Amino acid sequence: MTATRPTSKATFSGIHCRDYGLLPGIHDEMMTQDGSLREHWQGFVTGLEKMSPEGLESRLRKADRLLRENGLTYSIAAAAEGVERPWELDFVPMVLSTAEWEHLQTGLVQRARLLNAILTDLYGPKRLLRDNHLPAALIFANPHFLRPCHGMEPRDGIYLHLYAADLGRGPDGRWWVLADRTQAPLGAGYALENRVVMSRSLRNLFRFNHIHRLAAFFQAMHNGLMARTGRDDPRIVLLTPGPSAEGYFDHAYLARYLGYTLAGGADLTVRSNRVFLKTVEGLKPVDLIIRGIDAEHCDSIELRGNPGLGVSGLFEAVRAGTVTVANALGSGLVETRAFMAFLPKLCRVLLDEDLILPNTATWWCGQNGAREHVLKNLDHLAIDLAFERRPLLSKTSRPVLGSELAAKEMRAIENDVSTRGHDYVAQEMVSLSTTPVWLNGALQPRPMSVRMFLAAAEDGYTVMPGGLTRVSATSDPRAVVLRRGTGSKDTWVLSDTVVPAFSLLTSPSNAPAPRRTGKDIPSHSADNLFWLGRSAERAEDTLRVLRSVLRRLTEEIELEHDLNALEGVVRVLLKKTGIRPPTQQERQLGDTVALERQIHSLLYGRDRPYALLDTAGNLLRTAAQARDWLSAEAWRTINGFHMNAARPPAGATLDVGDSLERLDDGLQMLAAFSGMESENMTRDNGWRFLDMGRRVERARHLSGLMKSLLVAGDPEEDGSLVLLLELADSVMTYRWRYLSTPSLAPVIDLLLTDETNPRSIAFQINLMDQHMKDLPRDLILPARSIEQRIILSLLTDIRLAEIPALCQRDRRGRRAELASLLGQVENGMPEFSEAITRSYFSHTEAQRPADVVVRSS
Amino acid sequence: MIYDVSHRTTYRYSIPVSFSHHRMHLTPRACAQQVCHRTALSVSPNPTTQTSSEDYFGNPVTNVTLQDQHKELSLHSRSVIEVKPASPPEPSGTAPWDGIYQNLYGDPSDTGLDAIQYVFNSPLVASNSAYTDYAAMSFAAGAPVMVGALDLTRRIYEEFTYDPTATTVSTPVDEVFAGRRGVCQDFAHFQIACLRSLGIPARYVSGYLLTHPPEGKERLVGADASHAWLSVWCPGHGWVDLDPTNNLVVSEEHITVAWGRDYSDVSPIKGAIFGGGAHTIDVAVDVVPAANGSVAR
């Protein structure tokens, strides 16, 4: 008999549930063993049955698209390379009844109080050790017991501002705690996003239930954090390891939703025992840090973590009481699985209560009795290192299952457990319950666990009425297998009373807003925005160049005459894009194969500068760095631009129609993005940096183009002027103004000196000057800053330039004055960029350790 | 003995440092064998903040921040310390080593808790079976712990070469073991690793040696800088200090500054600096018998 063979069939008529293959002896969330639907699933199943298969399919596609566009769990690097997102959201929710929820709620609140009490004791009087309730070895051998945290009693005695627990349900229907998350509990942002996506795309499914909304939880969490700062208008930041880290999406989503500033370690600094955020407006005091990194990395002066992630001096600031850290430093201690073995006893000792939610049975091998039990039962236990995170037995995933060990590995484990038992922990292998997932157009049971989230509100712990359900890819119900698992689900907690339906559809941007703490712009964000502006403009420039190349080379190459006339123009484009020009022979034969192959690779190839995909990937990466400053729409637009570029080509040979269409679509999306920039962003300093980046790039690009096309030769004859107007998106303006074929002087005026043309160089420089005036500056300095001087000098030179002189050729036929002015702009832009960087982005010099050389001898 | 101790560290930077944090274990602690009569830590230029407190292990620790630009930083600790002769137990009369961990495991007394915390892996010292095997040659079954510990100290002294070029401050213990070379810090870490591999608590001690020995005695190795040795737990007696670099039981010529699980708990100066470019560090340690108990100027 295989594990997946159904023992009973659904006895109700539901089309989606007909072949629902219950696992023998395993609790199923939706169905009882005799095949009848559990009552609290009735609403969901009804909603599902009422949808047509086509309707459902189209809604699922929408959900999928929303997820992709939001970039859930995307690692940015993977996204830029076009890799699919690894984490699937299954639209079938996990449904919890009111009664069950209330039981879990009570149990989880008790558990949070208990873990908090344990931390309070262990970082303080250590009564639990003195009274022999906990073996000292469990604490002192534990690398997560952080000695510098001893005596750092947090405000209001709260160590765990946030707490998450992974829960599973055993075959008898009872809930078990599989793991505690106390270090930097992750996932609340994912849970929220799953709900938002579900309610946007599948609102019909929500109609037949009263489902608790999540917003109130976040509001309570926010109020709790506010209260812990003891200030009326606190500045709260979320400290993240950065975009390449696993939890970054969660951090960015939460920070945006709650209106906190997302900061990396380098954005913060400690001065006079107070933590400050480095912003373009200077240093701003920080009152509370939500810690998204392990405490071990928080302060390289006190602990040996990665100094790039944390803030040196943070511990002293916490000791001085000037800042609150949530969760408190040291909280990771009780995440150690070995603690579970002691929780029932500690609950009675510390709270004088019985532990409501049982743990997975756990044996810490530092104890004689437990060690003997484990040694006798190794083959049906899961074994793991008690403290360290390195792999065990060079297996890639942990824990290891006794039953899967080879005889030799088994002996190695037995030996280690006997000699250094305190380093090992063993747990019972729990069989998890199954819950339906949507597979090949029908519901199928899969093992699941739920992560639930708690926050310390103003008056005690509150539990999120929902959670992050994870399901296994296989039907193997063992909990440890799920840990290696895959998909996620929205989690519904049913309410007996009506919850207004609209609340489910509330999106983060218009949720009843927790109070905003003000938009500070960390220096590194300003830097990222500046580069986003540059990247977006560069992408636009690149696409225009590609489109012009494509048009000219594919439509006009066969005409020998035109090609010769276009020679100069084409050469400029070819030089820019790195394409090999057609040989004399190819040209005479009208052979365009080699050329088309090159263009094909430029449009669809990878790892080639100026290639479409490369440009799009670059923009996506830059945007990801500034993700928390972009609206959902803006992010989606850039993501869409990347997807458009990453779409596979129509065929192996060049399809001009498809290619042009793709470039047109791309330019349209970029235009949409720049439209959002100018229409939807508030005119704060963040916007100013973004816009300056765009201006810098546009001025640099256009001055380079004009230099290559206008300085020598006869631009009126060889098509350069038309091309230039095309590349500068000023064809219509010119036609409207002059109603004639382009001639040199008016083109130079329009593109270089005309301050009313938003595409001209003068316009860019003028705007930069405006931005400089609006940006905060140190007013003590009487003189203009370097960046202001660069801009002022360029602006003056452009304003004083005379068009006839610019058009004038010297003895060698060059327009020397034009060349010189354009050269100034071309060189001035990188200088300006550097000056800005020095003034605004890097009042943050790199930090380094100072203790390397001093040692004892 | 009463000593005047001076420990001056000077950093010179090629580019000005705009801002720095330092955490220092430079003030000698008081303990059973040692009385600290006077002590002062001066920082130049003047720090913006300076806080003194006790760390987890009861060592004095000072945190400073400098927020004004500087190209040179001097940290100068001066103390008058009285060291009393140690009274180590008669080795053959000490408890058998092999019952130490089991007895400590169930002992929640202050003494027991103080001892057991030094038996486990720490950031720089992790036990392993190679150390167990090496140490076992000094510890016969049921042997008195001090007999084994002294023999281990002697073997390290004889089998390891003192060689400041062989290791750096971050060389792991297993490399020290493989090359049989290093300096006091390496030897202390290695002996601690051996003892812990047998379940015997051992802690790292950072301090100084008398710079110029009394007439007729040889100058000890490590006297011109800060020195390091270890303490081994001896049930019924307490901590006994051993110096594997000089093969001796510590008595009156070692001045204790701080102790912890390993170097990382008590490194004399830890810091983070911003800017600074290349830098040089100059360390000068001077320990002289006090003429009349006043701080030498």
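Colleague: At what angle do helix 23 and helix 28 of chain A pack, and how far apart are their axes?

Modeller: Two packed helices are described by the angle between their axes and the distance between the axes. In this predicted model, local features need pLDDT of at least 70, side-chain atom pairs count only at pLDDT 80 or more, and totals for chains, interfaces and linings use all residues. Residues are numbered from 1 along each chain as its sequence is written, while chains are lettered from A and ligands numbered from 1 in the order in which they are written. Helix 23 (residues 685-710) of chain A packs on helix 28 (residues 761-774) of chain A at about 155°, the axes 9 Å apart. Helices (H or I, at least four residues) and strands (E, at least two) are DSSP runs, numbered from the N terminus. Axes are lines fitted to C-alpha atoms, for helices over the stretch in contact, with angles from 0 to 180 degrees between N-to-C directions.

Colleague: Are helix 23 and helix 28 of chain A roughly parallel or antiparallel?

Modeller: Angles under 35 degrees count as roughly parallel, over 145 as roughly antiparallel, 65 to 115 as roughly perpendicular and the rest as oblique. Helix 23 and helix 28 of chain A are therefore roughly antiparallel.

Colleague: In which order do the four strands of the open sheet in chain A stand?

Modeller: Two strands pair if DSSP finds at least two bridges between them. The order is 11-14-12-13 in chain A, with antiparallel pairing. Strand 11 (362-364) and strand 13 (400-401) of chain A are at the edges with a single partner strand each, so one side of each lacks a neighbour in the sheet. Strand 12 (residues 381-385) of chain A pairs with strand 13 of chain A over two bridges, and A:Ala382 is opposite A:Leu401 of strand 13.
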